[in-house]
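Please consider the following note alongside the sequence and the model. It is written for a reader who is new to this structure.

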Amino acid sequence: MFATQRLNTVFQNAKKLKIGDSSKIIIFSDCHRGDYGWSDDFAKNRNIFYYALSFYFNEGYTYIELGDGDELWKNRFFSEIFVAHQQVFELMSRFYMQDRFHMVYGNHDVERSIPSVVKNTLYAYYDENIQQKRPLFPDIQPVGGIRLCYTPQDRDIFLVHGHQGDLVSDILWPFGRLMVRLMWRNLQLFGFSDPTSAAKNFTKAVRVDKRLINWSLQQKKMIIAGHTHRPRYPTTAQPPYFNTGSVVSPHCITGIEIRHGQIALVRWCVKPDFSGSLRIVRDIMQGPQPLDAWGY
Ligand SMILES: [Mn+2]
């Protein structure tokens with residue numbers, strides 16, 4: 001099957017990261033950071049995201065962004081996204097400078113597979129205050145996938161955005177990007193949603209889930225993806241396909257934590273406390289369960 005072949009290729013070329021029992025990883029996907037305009041789906045959750053990421057920074061986590069971090073289909077220039085969310089990028093840069101940040105590209109930021117684009121947009125930024133260039137993610141190499149090697153059990157976990165094998169997202173992406181820029185970006189204002197998007201089309205999301213489950217079954221490996229914007233945490237009787245969900249759903253962001261050899265699905269939301277003050281709180285939605293609970 002085509003999707004399986006595409007996923008196999010990404011797996012074979014994936015960046016290997018060794019983790020052990022003391023490792024702490026947070027995985028978020030589909031931030032879709034935009035220009036802070038009306039079509040920026042990230043804007044409304046920015047405070048939650050910034051607060052959550054600060055927590056993970058202080059707690060010593062490594063941050064893996066699993067694709068579609070920036071919305072480069074709706075927005076032509078990364079520089080405009082950077083200016084709109086500079087504080088967030090500065091925090092991500094602090095992770096990177098400590099070798100604690102890894103970027104996987106998805107379909108909406110697939111041009112990050114092109115080294116010259118990455119060099120021109122991500123290595124450095126222009127600081128208006130001091131009228132000078134400052135390093136952002138110097139020499140960063142965004143990748144299509146990551147192979148987390150959990151060394152105590154010699155176990156591989158495949159991290160991938162999940163659009164592989166999808167015709168418009170994976171192969172015809174210049175067309176998909178054009179349609180979003182010309183049409184769906186503007187129609188979103190009137191309540192229409194893009195039918196080619198797995199995030200907005202339930203049938204498509206189910207198809208994406210199926211492909212990823214198939215890969216997990218065939219390769220006998222754990223797989224963690226994003227792309228569908230639907231969080232998933234399998235029971236131990238199901239194949240180990242996990243989905244982080246997204247950072248753009250209303251009021252909440254979801255992500256996957258791997259800590260001390262255990263995996264959990266978490267949610268950060270704004271909730272009122274007993275006095276009526278709004279607070280950002282972290283809930284565990286599923287888990288934690290040891291990584292070997294699924295057999296492979
Ligand atoms: Mn996507």
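1. The model is predicted: local features need pLDDT of at least 70, side-chain atom pairs count only at pLDDT 80 or more, and totals for chains, interfaces and linings use all residues. Residues are numbered from 1 along each chain as its sequence is written.

2. The protein has 8 helices and 13 strands; these are DSSP runs, numbered from the N terminus, with helices (H or I) of at least four residues and strands (E) of at least two. Its radius of gyration is 18 Å, close to the 19 Å given by the globule rule for 296 residues, so the protein is as compact as a globular protein of that length. The radius is taken over C-alpha atoms, and the rule is 2.2 Å times the number of residues to the power 0.38. The C-alpha trace spans about 50 × 45 × 45 Å along its principal axes.

3. Of the 296 residues, 42% are buried. Buried means 20 or more other C-beta atoms within 10 Å of the residue's own, exposed means 12 or fewer, and partly exposed lies in between, with C-beta atoms placed from the backbone.

4. An open sheet of mixed pairing is formed by 5 strands in the order β1-β7-β8-β9-β10; strands pair if DSSP finds at least two bridges between them. Strands β1 (15–19) and β10 (241–243) are at the edges with a single partner strand each, so one side of each has no neighbour in the sheet. From one strand to the next, the twist averages 25 degrees.

5. Within this sheet, β1 and β7 are parallel over 5 bridges, whereas β7 and β8 are antiparallel over 6 bridges. Leu 148 in β7 is the bridge partner of Leu 17 and also stands opposite Ile 157 in β8. Ile 157 in turn stands opposite Met 222 in β9. Strand β7 is mostly covered, with 5 of its 6 residues buried.

6. The hairpin of β7 and β8 has 4 residues between the strands, and Asp 154 there takes a positive phi near 50 degrees.

7. Pro 142 lies in the loop between β6 (132–135) and β7 (145–150). Pro 142 is buried, with 24 other C-beta atoms within 10 Å. Beyond neighbours within four places in sequence, Pro 142 has contacts that include Met 103, Tyr 105 and Val 118; a contact requires C-beta atoms, placed from the backbone, within 7 Å.

Note on methods
Axes fitted to C-alpha atoms, helices over the stretch in contact; angles between N-to-C directions. Contact = placed C-beta atoms within 7 Å.
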